[in-house]
Amino acid sequence: MKDIYEDCEQTLKCFGLPDNCVDSKNCETLVKYVQDDVGDVTFNLYGTNIQTNSYAAVGLTEAQGMVDASVVFCYDANGQA
C-alpha cells in the first residue's frame, strides 16, 4: 500500500488535522493538492478513524466564514474514506 504522505511538500502541498499531523504522519484527515500551469487544482482527500456514516471534507472560499464555498468530500460506509 502506498504511503499517503508520500510526495507531501515535495511535489504536492499537504495539510491535515490535527495540527502538525503531516510531519508525524498521523492525520485523521489529510488533503494533498497541486496547481497546474493553467491554474486548475487537483485534490486528494483522505480520512481515517471516521465513524460509520460520516465523512471527510474540505471547503474552499475566497471569503471568510465559508460563504459561497466549494466543498469536496469523501464518504465510505466502512469507516475509511
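In which strand does Y55 lie? Y55 belongs to strand β4, residues 55–60. Strands here are DSSP runs of E with at least two residues, helices are runs of H or I with at least four, and both are numbered from the N terminus. The model is predicted: local features need pLDDT of at least 70, side-chain atom pairs count only at pLDDT 80 or more, and totals for chains, interfaces and linings use all residues. Residues are numbered from 1 along each chain as its sequence is written, and side-chain values use heavy atoms, with hydrogens and water left out.

Along the sequence the order is β-α-β-β-β-β. Confidence is expressed as pLDDT, the predictor's score for each residue from 0 to 100. The mean pLDDT of the protein is 81. A value of 70 or more is reached by 83% of the residues. Among the elements, helix α1 (residues 21–24) has the highest mean pLDDT, 94. The lowest, 72, belongs to strand β5 (residues 70–75). Where pLDDT is low, predicted coordinates should not be read in detail.

Burial was assigned from relative accessible area: buried is under 20%, exposed is over 50%, and partly exposed lies in between (1.4 Å probe, protein chains only). The protein has 81 residues, of which 23% are buried. Y55 is exposed because its relative accessible area is 57%. D23, in helix α1, is also exposed, at 74% relative accessibility. The C-alpha atom of D23 is 9.4 Å from that of C8, and the two residues are 15 apart along the chain.

The surface carries a nonpolar patch made of Y55, M66, V71 and F73. Together these residues have about 480 Å² of accessible area. Areas come from the Shrake-Rupley method with a 1.4 Å probe, and for residues only the protein chains shown count as cover. Patch members must have over 30% relative accessible area and no salt bridge; like charges are joined within 9 Å, and nonpolar side chains (Val, Leu, Ile, Met, Phe, Trp, Tyr) within 5 Å.

Two disulfides are found in a search of the whole structure. A disulfide is a covalent bond between the sulfur atoms of two cysteines. The criterion is a pair of cysteine sulfur atoms within 2.5 Å. C8 and C14 are bonded, with their sulfur atoms 2.1 Å apart. The link of C8 and C14 is left-handed, with -95° about the S-S bond. C8 and C14 are both buried. C21 and C27 form a disulfide with a sulfur separation of 2.0 Å. The torsion about the S-S bond of C21 and C27 is about 95°, so this disulfide is right-handed. C21 and C27 are buried. With bonded cysteines counted along the chain, the pattern is 1-2, 3-4.

Side chains of opposite charge can pair when their charged atoms come close. A salt bridge requires a side-chain nitrogen of Lys or Arg within 4 Å of a carboxyl oxygen of Asp or Glu. By this rule there is one salt bridge. K25 pairs with D3, and the closest N and O atoms are 3.3 Å apart. The pair links distant parts of the chain, 22 residues apart. K25 sits in the loop between α1 and β2, and D3 in the segment before β1. K25 is partly exposed, with a relative accessible area of 49%. D3 is partly exposed, at 32%.

Aromatic pairs were defined by ring centres within 6.5 Å, for Phe, Tyr and Trp (its six-membered ring); planes under 30 degrees apart count as stacked, over 60 as edge-to-face and the rest as tilted. The structure holds two such pairs. The ring centres of F15 and Y33 are 6.1 Å apart and their planes meet at 65°, so the pair is edge-to-face. F15 in strand β1 (residues 13–17) and Y33 in strand β2 (residues 29–35) are 18 residues apart, and their pair links distant parts of the chain. F15 is partly exposed, with a relative accessible area of 39%. Y33 is partly exposed as well, at 29%. Y33 also forms a tilted pair with F43: 6.2 Å centre to centre, with 35° between the planes. Because Y33 lies in strand β2 and F43 in strand β3 (residues 41–47), this pair ties together parts 10 residues apart in sequence. F43 counts as partly exposed, at 27% relative accessibility. F15, Y33 and F43 form one aromatic cluster.
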